[in-house]
Amino acid sequence: MNKYGRELDLILLLTDNKDYTTLELAQRLGITRRNLYYYLEYLRESGFTLIKNGTTYRLDRHSPFFKKLHESIAFSDDEATYLYRLLENGQKKDYQAQSIKAKLERYFNLEALTDVGQRKRTEQNAVMLKEAMRQRKIACLKAYSSPHSKTVSDRLVEPFLFFNDDMDVRCYEINSHSNKTFKPSRAASVEITDVEWLNEAQHKKIYTDIFMFSGEERHRVSMLLGRLSHNLLLEEHPLAEPFVQPTDNPEQWLFDTEVVSFLGIGRFVLGLYDDIQLLGNEAFVAYVEEKVKGLVDRQVNRLVCRQVDE
């Protein structure tokens, strides 16, 4: 118990919005640096991503462990930004709102929203992109910073849809010949070219399923729900109601819908597997079977390791 208590304390320290050296961490935990390295290695093996900056360490909040935890209890980046903007439009003397804003700024790194110059540039970029949409012209996102490719470059795009309170814009990118979602805040500026849209037929609007996952591709899934899974589905995801139909069995309901990702609906099914019968989409059935097999394999390995230790 002392071991796991220290590991939990270490996680809290590494997510404390501050970088600590190994010496500082060891002193705070009351252990040697040698033992600390064992703890750090254990965290890596458990799904945490450690960021080392010189001689200091911290945990990446995008670590797989945190992602799994956040799926059910935390805000997404877009949800946090949306909430921040709502609070910002409220009363300036509402100190509780200001406290929540400060926490959102620290945890979700919302420096762009707190920087007046950055905010004005983002708003101006959105205005230019909307004008490009109105004129059906190709726009250039100047010096666009991409966290995925880790590059800064100009992007020629055909903008055709704003969403998430104008924080995101759906565009057809000329060079990659594909639809992508861009953030106006990540461009230094936006220029409207004289070239009209060339790929309007390829523009695909993004679809958001009832589990709040967004994308272009949709996958139809069908299943029978028992009373428990039926009630929980409607309580947790009210948008599912139009896709639920009664059956001849008063204790079962047919749930048939389209989803963008198997993650959201998969989590629901796995949590209530004994009250749900899968009917359609072989790919989704294989996805669930793979998740169950992975869980069983991990449990077996854990038991084997425990027996070996004993």
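Biologist: Why does Glu173 count as buried?

Modeller: The relative accessibility of Glu173 is 5%. Buried means under 20% relative accessible area, exposed means over 50%, and partly exposed lies in between, with a 1.4 Å probe and protein chains only. Glu173 therefore belongs to the buried class. Please note that this is a predicted model, in which local features need pLDDT of at least 70 and side-chain atom pairs count only at pLDDT 80 or more, while totals for chains, interfaces and linings use all residues. Residues are numbered from 1 along each chain as its sequence is written, and side-chain values use heavy atoms, with hydrogens and water left out.

Biologist: What makes the pairing of Glu173 with Arg155 a polar contact?

Modeller: The two side chains come to 3.1 Å. A polar contact is a pair of N or O atoms within 3.5 Å; within protein, one must be able to donate a hydrogen and the other to accept it, and residues adjacent in sequence count only if both atoms are side-chain atoms. The pair therefore meets the distance limit. The side chain of Glu173 makes another polar contact, with the side chain of Ser176 at 2.7 Å. Glu173 itself lies in strand S6, residues 168-173.

Biologist: Which residues is Glu173 in contact with, leaving aside its neighbours within four places in sequence?

Modeller: They are Arg155, Leu156, Val157, Ser178, Lys180 and Phe182. Contact means heavy atoms within 4.5 Å.

Biologist: Why is Ala139 called buried?

Modeller: Its relative accessible area is 0%, so Ala139 falls under the limit for that class. Ala139 has its place in strand S4, residues 137-146. Beyond its neighbours within four places in sequence, its contacts include Leu129, Pro159 and Ile192. The C-alpha atoms of Ala139 and Thr193 are 5.6 Å apart, although 54 residues separate the two along the chain.

Biologist: Why is Asn179 called buried?

Modeller: Asn179 has 13% relative accessibility, so the value again falls below the cut-off. This residue is found in strand S7, residues 178-182. A polar atom of the Asn179 side chain lies 2.8 Å from the backbone oxygen of Gln202.

Biologist: How do you know that Ser261 caps the N-terminal end of H10?

Modeller: A side-chain oxygen of Ser261 lies 3.0 Å from the backbone nitrogen of Leu263, so the distance is within the limit for a polar contact. Ser261 sits in the loop between strand S13 (253-259) and helix H10 (262-271). Helices (H or I, at least four residues) and strands (E, at least two) are DSSP runs, numbered from the N terminus. With a relative accessible area of 18%, Ser261 is buried. Leaving aside neighbours within four places in sequence, Ser261 is in contact with Asp209 and Phe213. Within H10, the buried residues are Phe262, Gly264, Ile265, Gly266, Phe268 and Val269.

Biologist: What makes up the lining of the second largest pocket?

Modeller: Tyr42, Glu45, Ser46, Arg298 and Arg302 line this pocket. Helix H3 (33-45) and helix H11 (282-309) each give two or more residues to the lining. On a 1 Å grid over the protein atoms alone, a pocket is an open set of points where a 1.4 Å probe fits, with protein on both sides within 12 Å along at least five of seven lines; lining residues have an atom within 4 Å of a point.

Biologist: How many residues of each class does that lining hold?

Modeller: There are one nonpolar, one polar and three charged residues.

Biologist: How many helices and strands does the protein chain have?

Modeller: The chain has 11 helices and 14 strands. Of its 310 residues, 34% count as buried.

How values were computed: Nonpolar A, V, L, I, M, F, W, Y, C, P; charged D, E, K, R; others polar.
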